[in-house]
Amino acid sequence: MAGRNRISREVFNDRRGFPPERPFLRGPPLPQPPPHPVLLEEEIEIQHAEFRRLLTDNRRLVEDRMAINQELAAAKEEIHRWNHVIGEIRAEQELHSRGLIEKGLKLEVDLRATEPLKKEAVQLRAEVQTLNTVKQELTGQVQTLKQDVARLQADNQQIPIIRAEIDGLHQELMHVRTAIDYEKKANIELMEQRQAMETSMVTMAREVEKLRAALACLDGRPWAAKGKLVCSSCKKVGGRDYKLLG
């Protein structure tokens, strides 16, 4: 920055307005003519320009120094802030580390307490294996039941045919029942007729017995029927009077 906009020093080394240097000669110095006023003015203007440039560079250097000081102060403040943040982070890390250590100790205690749970887990695994075996068996039974259901569904498709057959059998049964009822009525009538005929035959047999008893009395021969009492006068047979004609 110090060399910014700086004019080369060679401008002041060319000795404008002065005669060029000559080789060194022994002896008394030669008299030199005075410089021209115009050249002196130019030299003065060049020096003034150099002074102004130096002032400008000096101001810039001051401004740069102030900016650097401000940046340095900001950097120091930033470093201080970061040191504070780092301290807080370290404190948080220490707290976190302590928490992790405490959690680790607690986990160790929990792991020791979970030893019985491990045994229970082993038992549960054995039970799970048993349940898996039962599940497989039940799956086989379910497959069998599905096959049975499919067979029953196939059988159910025949239900309408069976129902039609049952309806036909019901109708036939109704016809048979009607015929049986008719035959029962006919048999009842036949039984009544038979009972009436048997009653008539019993009555006729009694009459025949009585007639035989009467004939026996007429013939003078003691002739008696089963369980019948014959009177000595032969007029009463079985408690009934008979009158003979002729």
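Guide: A helix here is a DSSP run of H or I with at least four residues, numbered from the N terminus. The model is predicted. Ile180 lies in helix α4, residues 159–219.

Visitor: Why is Ile180 called partly exposed?

Guide: Its relative accessible area is 37%. Partly exposed covers values between the buried limit, under 20%, and the exposed limit, over 50%, so Ile180 counts as partly exposed.

Visitor: What makes Glu50 and Arg53 a salt bridge?

Guide: The N to O distance between their side chains is 2.0 Å. The rule asks for a side-chain nitrogen of Lys or Arg within 4 Å of a carboxyl oxygen of Asp or Glu, so the pair qualifies. Glu50 and Arg53 are 3 residues apart in helix α2, which means a separation of about one helical turn.

Visitor: Are Glu50 and Arg53 buried or exposed?

Guide: Glu50 has a relative accessible area of 6% and Arg53 has 8%. Buried means under 20%, so both count as buried.

Visitor: What sets the side chains of Asp148 and Arg151 in a salt bridge?

Guide: Their N to O distance is 2.5 Å, and the limit is within 4 Å, so they form a salt bridge. Both lie in helix α3, 3 residues apart. Asp148, at 24%, is partly exposed, and Arg151, at 47%, is also partly exposed.

Visitor: How many salt bridges does the rule give?

Guide: The count comes to 6.

Technical notes. Residues numbered from 1 in each chain as written. Predicted model: local features only at pLDDT ≥ 70, side-chain atom pairs only at ≥ 80, totals over all residues. Heavy atoms only, no water. Helix = DSSP H or I, 4+ residues; strand = E, 2+ residues; numbered from the N terminus. Buried < 20%, exposed > 50% of the residue type's maximum accessible area, 1.4 Å probe, protein only.
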